[in-house]
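Visitor: Hi! I have a structure open here and would like to talk it through with you. Could you start with a term I'll need along the way?

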Amino acid sequence: MAHLHITAWVVAFILLFVVVGFYKQGKKQGKMLHMILRLDYLLILYSGGSLFAEYTKISGELIIKIIAGLLAIVAIEMITVKTNKQKSTKTWWIVFVVSALVAIILGFTRLPLGILP
């Protein structure tokens, strides 16, 4: 399940940049890809929930990772919506980078179901 979760995140990162690029160019394909990105959120939430269910001990780091991951999804959505409306996204990019880094670092290094030893 960890590999599905990681794959879904990588797809979300790629789609984020593609959608933002299309919205900045004013292309209509951005809307379709934005909907696909929203479906990818569901895959991320499903796989993350499945990973969460596998934990036998709930720790503070796990709770922080969950909050950081959810905040990263919110930031991705706000970046795409605000880019489509041609509003400033600087704050949401900062939120996205920080929350994604926290989630990735905790997931790969500190938590036991990560893929690194």
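Guide: Happy to. Buried means under 20% relative accessible area, exposed means over 50%, and partly exposed is in between. Bear in mind that this is a predicted model.

Visitor: What about helix 2 and helix 3 themselves: at what angle do they pack?

Guide: The angle is about 175 degrees, and the axes of helix 2 (residues 29-54) and helix 3 (residues 60-84) are 12 Å apart. That makes helix 2 roughly antiparallel to helix 3, because angles over 145 degrees count that way.

Visitor: Which residues make that contact?

Guide: From helix 2, they include Leu 37, Tyr 41, Ile 44 and Phe 52. From helix 3, Leu 62, Ile 66, Ile 73 and Ile 76 are among them. By class, the contact of helix 2 with helix 3 has 11 nonpolar, 3 polar and 3 charged residues.

Visitor: Switching to the inside. How many residues does the largest nonpolar core have?

Guide: The largest nonpolar core has 19 residues, and those with the most contacts inside it are Trp 9, Leu 16, Leu 37, Ile 44, Ile 76 and Phe 96.

Visitor: Which helix gives the largest share of this core?

Guide: Helix 1 does, with 8 residues. Helix 1 (2-25), helix 2, helix 3 and helix 4 (90-110) each supply at least two residues of the core.

Visitor: You mentioned Ile 76. Which residues is Ile 76 in contact with, beyond neighbours within four places in sequence?

Guide: Ile 76 is in contact with Trp 9, Leu 16, Leu 37, Tyr 41 and Phe 96, once those neighbours are left aside.

Visitor: Okay, a histidine next. Is His 5 buried or exposed?

Guide: His 5 is buried, with a relative accessible area of 11%. This residue of helix 1 touches Ile 44, Ser 47, Gly 48, Leu 51 and Lys 65, not counting residues up to four places away in sequence.

Visitor: And Trp 93, where is that found?

Guide: Trp 93 is in helix 4 and counts as partly exposed at 23% relative accessibility. Leaving aside neighbours within four places in sequence, Trp 93 contacts Leu 16, Phe 17, Val 20 and Ile 79. Trp 93 and Ala 75 are 18 residues apart in sequence, with their C-alpha atoms 7.1 Å apart.

Visitor: Last one: where does UniProt place the feature "transmembrane region"?

Guide: The unreviewed UniProt entry places it at residues 6-23, 35-56, 62-80 and 92-113. In the model, residues 6-23 are 100% helix, with end C-alpha atoms 26 Å apart. Residues 62-80 are 100% helix too, and there the end C-alpha atoms are 27 Å apart.

Notes:
Residues are numbered from 1 along each chain as its sequence is written. This is a predicted model: local features need pLDDT of at least 70, side-chain atom pairs count only at pLDDT 80 or more; totals for chains, interfaces and linings use all residues. Side-chain values use heavy atoms; hydrogens and water are left out. Axes are lines fitted to C-alpha atoms, for helices over the stretch in contact, and angles run from 0 to 180 degrees between N-to-C directions. Helices (H or I, at least four residues) and strands (E, at least two) are DSSP runs, numbered from the N terminus. Angles under 35 degrees count as roughly parallel, over 145 as roughly antiparallel, 65 to 115 as roughly perpendicular and the rest as oblique. Contact means heavy atoms within 4.5 Å. Ala, Val, Leu, Ile, Met, Phe, Trp, Tyr, Cys and Pro count as nonpolar, Asp, Glu, Lys and Arg as charged, and the others, Gly among them, as polar. A nonpolar core is a set of buried Ala, Val, Leu, Ile, Met, Phe, Trp, Tyr and Cys residues joined through side-chain atoms within 4.5 Å. Buried means under 20% relative accessible area, exposed over 50%, partly exposed in between (1.4 Å probe, protein chains only). UniProt positions are given in the numbering used here, feature names are shortened, and annotations may be inferred rather than shown by experiment.
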